[in-house]
Amino acid sequence: MLKSRITGTGSYVPEKIIDNSYLGKKIDTSDEWITERTGIRERRVVKTGQANSDLCFEASKKALLAAGLKPKDIDMIVVATMSGDMPMPSTAAILQKKLGAKNASAFDVNAACSGFIYGLSVADKFIKTGASQKLLLVGAEVNSRFLDWEDRATCVLFGDGAGAVVLEPTKGKRGILSTHLHSDGNLWDFICLPGGGSKNPPSEKTIKKGMHFIKMKGNETFKVAVRTLEKLVVSTLRENNVDPSELAMLIPHQANLRIISATARRLNLPMSRVAVNLDKYGNTSSASIPIALDEVVRDGRIKRGDYVLLEAFGSGLTWGSALIKW
Ligand code: ACO
């Protein structure tokens, strides 16, 4: 029975930093409010001309190097994103060209902040069935282009970045043990970007109404996220007969430190075994988990054979998890 294993990780964040005090000077917010309510201290934003595929490219080069592979070795590219270069073609196709990965098929997956988990689940299936041997999965977002920088309820939360992993088949005990995907479309309007698609095509009216910006019912989303994620992490471990005490590292989506702490508390997990980087990058949506994963791999916080749990929650509403034996 084949399993898929992550054989290389990489990440990239743009150089430009916007900290909370800068936002406090521009709009009615403060470093104190943002830090206390979210845990975010600063975020990265792209420079003019920098697009999603540019971030993907930088993260992918590092993941390929870590896996010891060349772009032409890759047979499939999946990009998880809600902020691609353009509605079509897929950002994965543009990334394919940039990398020169001429032997790959390429497509995008959109599950907003749960995008990386959805992408991982899709990738896992392609590898397990033998349909792909060397798959590049990237989570990347340029959220800064879709924010109303005058709306304090959203602009303080998000950031830009990309994380990439290479997946290959393995017959051993290590690898992805299970993935779990969920969605509740009844709550689609909790987090959305209503303009610019076929429902509300771009027009003077949609732009005047700010429909091309991310809208979020923050507090309502917060409550569902805490409840849902607590259940999800417990059931993921239970289905794999893994006790929370055996978990080496929880790598959660980075939306809010209060959500992350509540999930860790439910598992009785000390924060030293939880990957947190939202203080530096804010919520980078589908990039947050692969960036955090790359950090813990590179600084040696996870070792061969460790149990690692990934979980995310986002627009859709969607949520999902993955348990890995590293
Ligand atoms: N600065 C100062 N005050 C603010 C700010 C701000 N940036 N934003 C909101 N406030 C005010 C509100 O106006 C409100 O004031 P009022 O009491 O006078 O009405 C007060 O602070 C409390 O507002 P809430 O929205 O209730 O604050 P809450 O504690 O819920 O925090 C937050 C808001 C951070 C958005 C939180 O609800 C959250 O993290 N939600 C979940 C986000 C999430 O997980 N999203 C999923 C992923 S995103 C994706 O998929 C794209």
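How far does a polar side-chain atom of Arg 258 lie from an oxygen atom of the ligand?

1. The distance is 3.1 Å, from a polar side-chain atom of Arg 258 to a ligand oxygen. Arg 152 also takes part, with a side-chain N or O atom 2.8 Å from an oxygen atom of the ligand. At Ser 315 the backbone contributes: one of its N or O atoms lies 2.8 Å from a ligand oxygen. Taken alone, the ligand exposes 1,000 Å², and the protein buries 74% of that (accessible areas by the Shrake-Rupley method with a 1.4 Å probe).

2. A word on the basis. This is a predicted model, in which local features need pLDDT of at least 70 and side-chain atom pairs count only at pLDDT 80 or more, while totals for chains, interfaces and linings use all residues. Residues are numbered from 1 along each chain as its sequence is written, and side-chain values use heavy atoms, with hydrogens and water left out.

3. Now the shell. The ligand is surrounded by 27 residues (each with a heavy atom within 4 Å of it), and the closest are Thr 29, Arg 37, Cys 113, Asn 219 and Asn 256. By class there are 13 nonpolar, ten polar and four charged residues; here Ala, Val, Leu, Ile, Met, Phe, Trp, Tyr, Cys and Pro count as nonpolar, Asp, Glu, Lys and Arg as charged, and the others, Gly among them, as polar.

4. Which elements build that shell? Helices H2 (31–38), H8 (218–239) and H9 (257–266) and strand S12 (307–314) each supply at least two residues, and H8 gives the most, with four. Helices (H or I, at least four residues) and strands (E, at least two) are DSSP runs, numbered from the N terminus.

5. The ligand lies between domain 1 (3–172) and domain 2 (177–325), because both give residues to the shell around it. Those bounds come from an automatic or database domain assignment.

6. Some backbone details deserve a look. Most residues other than glycine have a negative phi, and most peptide bonds are trans. Met 88 and Pro 89 are joined by a cis peptide bond with omega of about 5 degrees, and Pro 89 is in the loop between S4 (76–80) and H4 (91–99). The bond from Gly 316 to Leu 317 is cis too, with omega near -15 degrees; Leu 317 is in the loop between S12 and S13 (318–325).

7. Lastly, Ala 112 is not a glycine, yet has a positive phi of about 50 degrees. Ala 112 is placed in the loop between S5 (105–109) and H5 (115–128).

Note on methods: Polar contact = N/O pair within 3.5 Å; in protein donor to acceptor, adjacent residues only side chain to side chain.
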